[in-house]
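Trainee: Before we discuss this model, I would like to see it. After that, I will ask what each label rests on.

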Amino acid sequence: MIMVKEIYKFINDIAPFNSSFDWDNTGLLIGDMGQNVSNVLVALDVTKEVISEAVDFDCNLIISHHPVIFKPVKNILNGSIPYLAVKNNLNVICAHTNLDLANEGVNKCLANKLNLKNIRPLCKSNRLEYNKIIVFSPPKYENDIIKAMSENGAGKLGNYSMCSFISDGTGRFLPESGAKPYIGEKGVLEEVKEVKIEMICPENRTKSAIKAMKAVHPYEEPAYDVFKDFSVYKEYYDGIIGDLEVPMDSIKFAEFIKEKLNCEGLRYTEIDQKIIKKVALCGGAGGNYIRDAVKSEADAFVTGEIKHSDILEANHSGVMVVDAGHFKTENLAIDNFKNILEKKFKEITFYKSEVLIDKIKYLHSRFS
Ligand SMILES: [Zn+2]
């Protein structure tokens, strides 16, 4: 039997969860890594209809793009999605911004759907930022501290873990009244041999690494520093830019997108006399990539959500905008994701949600 953790690990290999945005929430968000998987339902979102569908298909794992728990929750009450998932013994893995960036992710699927040629990343972003944590401790505690911090995200660089640098030095302190010093006496300036431990740590793991360090550190008030480390960061390529097989004017291009993505309707801006050849895109809520599209001299930018001010900026720079809707620009990646999972885990049946449909409707004129 395949366990939840094996599927989690495979997804982590193709779309590493630690490449998600800091504000995102991805990974196994509900359930138990050690459970055996029956069948799997793959969906863009987890709704109560999707939960019923999973139960009908005898699935005990849902893999969704959008996080089932996004903002911190203060309670999990009857009727809420997490409550229903747990009540129905469902595990839920969410692959969101890590899937957007993946090789076979949302943007790549969208570019393939539009038959873009010569595709390349739209921009480079530094998703995972690092800090340098420096801790001072008595020499015999260095191994415990390095181990505790490593287990909580510090000291990992590429294929190396527990990376640290240790140097010897002298610490001085004066315990004042009320102090309970590990070494020395109240009111006497103390001088002790100490080691300085330096480790890098991703920004999003820094708090837990410090908490773990404090738990094993012998001092009442451990001395430590945290600095932003500009020399270490992980780079990701985001969005896609490529060339249309057949250049066309902006109205034809809007029609082309509508047909390719099977949209009932879409929003677009018309740029007079413009022939669209170079197309930038970012599925879902990608409006803030408009500046990258302008910088890359794209003729058009395709996304799923865009703000008025971003539309004005694009228009000012002569870049056509197509807003084809969040659902339509992302749901196509779910089929691809399901195929990849099916190929890997042949003994499991994967279903794609059929109940999840685009909720946006378009009001058409009676005379059109
Ligand atoms: Zn989305």
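This is a predicted model: local features need pLDDT of at least 70, side-chain atom pairs count only at pLDDT 80 or more; totals for chains, interfaces and linings use all residues.

Mentor: Residues are numbered from 1 along each chain as its sequence is written.

Trainee: What makes both faces of strand 12 covered?

Mentor: A residue is buried if 20 or more other C-beta atoms lie within 10 Å of its own, exposed if 12 or fewer, and partly exposed in between, with C-beta atoms placed from the backbone. In strand 12 (residues 320–323), Met320 and Val322 on one side and Val321 and Asp323 on the other are all buried. Strands are DSSP runs of E, at least two residues, and helices are runs of H or I, at least four, numbered from the N terminus.

Trainee: How do you know that strand 9 and strand 12 pair?

Mentor: Pairing requires that DSSP finds at least two bridges between the strands. Strand 9 (residues 267–268) and strand 12 have two, in the antiparallel sense, and tyrosine 268 stands opposite valine 322. Strand 11 (residues 300–303) runs parallel to strand 12, with four bridges; there phenylalanine 301 stands opposite valine 321.

Trainee: Why are the buried residues of helix 1 said to be on the same side?

Mentor: Those of helix 1 (residues 4–14) are Val4, Ile7, Tyr8 and Ile11. They cover an arc of only 105 degrees around the axis, so they lie on the same side of helix 1. The arc is that of the directions from the helix axis to the C-beta atoms. Exposed Lys9 and Asp13 are on the face turned away from the buried side of helix 1.
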